[in-house]
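Subject: Structure for your files, with notes

Hello,

Here is the structure for you to look over. My notes come after it.

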Amino acid sequence: MRRRHVKTIILYYRGIPEMLKLLKQEQESLKSDTGQQNRPQEVTVKIEVLESDAETIQSCIDLLNGKYKRLIRMRYLSKYSWAGIAVRMGVSESTVRNWHERAMDRLTEVLEEIPMIEEILSRASHARE
């Protein structure tokens, strides 16, 4: 798995709460619409898949060393700059970038151990398009 694939998966993970919110809103509106026979079932399946993907990706991030996990969360989920991360972690920006390289390598290793990671990557790639 390449680094850009790992970033795609992380960005997909970041977007899952918003996707779930929209799908649940659609699910509610479909309850009163009898013209859409298969759509409620499709929405339910999509929600289940997103929740499963989020749980899988979260468990992979949780397997990282504390500082690596914190760095990944700040950089990709909270959208901090390198300088902002350095200040919050009390180290230089070059150290943060070095840790980032190691964190991404480790996350790549962890993700590659997940069964069916290619399916998650495929969904992540399609979600980003």
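Predicted model: local features only at pLDDT ≥ 70, side-chain atom pairs only at ≥ 80, totals over all residues.

Residues are numbered from 1 along each chain as its sequence is written, and side-chain values use heavy atoms, with hydrogens and water left out.

Overall fold

The protein chain has six helices and zero strands. Read from the N terminus, the order of elements is α-α-α-α-α-α. Helices here are DSSP runs of H or I with at least four residues, strands are runs of E with at least two, and numbering starts at the N terminus. Along the principal axes, the C-alpha atoms fill a box of roughly 60 × 30 × 25 Å. Of the 129 residues in the chain, 35% are buried (buried means under 20% relative accessible area, exposed over 50%, partly exposed in between, with a 1.4 Å probe and protein chains only). Taking contacts between residues at least 6 apart in sequence, 65% join residues at least 24 apart; a contact means heavy atoms within 4.5 Å.

Helices α1 and α5

Helix α1 covers residues 3-30. Helix α5 (residues 93-112) packs against α1 at an angle of about 80°, and the two axes are 10 Å apart. That angle makes α1 roughly perpendicular to α5. Axes are lines fitted to C-alpha atoms, for helices over the stretch in contact, and angles run from 0 to 180 degrees between N-to-C directions. The angle classes are roughly parallel under 35 degrees, roughly antiparallel over 145, roughly perpendicular from 65 to 115, and oblique for the rest.

On the α1 side, the contact is made by Arg3, Val6, Lys7, Ile9 and Ile10; on the α5 side, by His100, Glu101, Met104, Asp105, Leu107, Thr108 and Leu111. Sorted by class, the contact of α1 with α5 has six nonpolar, two polar and four charged residues (Ala, Val, Leu, Ile, Met, Phe, Trp, Tyr, Cys and Pro count as nonpolar, Asp, Glu, Lys and Arg as charged, and the others, Gly among them, as polar).

Helix α5 has 20 residues and spans 28 Å from its first C-alpha to its last, close to the 28 Å expected at 1.5 Å a residue. The expected span is 1.5 Å times one less than the number of residues. Buried residues of α5 include Val96, Trp99, Ala103 and Val110. Thr108, also in α5, has a relative accessible area of 11% and is therefore buried. Not counting residues up to four places away in sequence, Thr108 touches Met1 and Val6.

Helices α3 and α4

The axes of α3 (residues 66-77) and α4 (residues 82-89) come within 10 Å and cross at roughly 140°. That makes α3 oblique to α4. The crossing is right-handed (right-handed if the near helix is turned clockwise from the far one by less than a right angle, left-handed if anticlockwise). Lys67, Arg70, Leu71, Met74 and Arg75 of α3 meet Trp82, Ile85, Arg88 and Met89 of α4. This contact has five nonpolar, no polar and four charged residues.

Single residues

Glu26 lies in α1 and is partly exposed, at 24% relative accessibility. Leaving aside neighbours within four places in sequence, Glu26 is in contact with Arg39 and Val43. Glu26 and Val43 are 17 residues apart along the chain, with 7.8 Å between their C-alpha atoms.

Asp62 is in helix α2 (residues 39-62) and is partly exposed, at 39% relative accessibility. With neighbours within four places left aside, Asp62 is in contact with Lys69 and Arg73. Asp62 and Gly90 are 28 residues apart in sequence and 22 Å apart from C-alpha to C-alpha.

Two backbone angles are also on the list. Most residues other than glycine have a negative phi. Lys79, in the loop between α3 and α4, is not a glycine but has a positive phi of about 65°. Lys79 is exposed, at 58% relative accessibility. Met116, in the loop between α5 and α6 (117-128), also has a positive phi, near 65°. Met116 has a relative accessible area of 59% and so counts as exposed.

Regards
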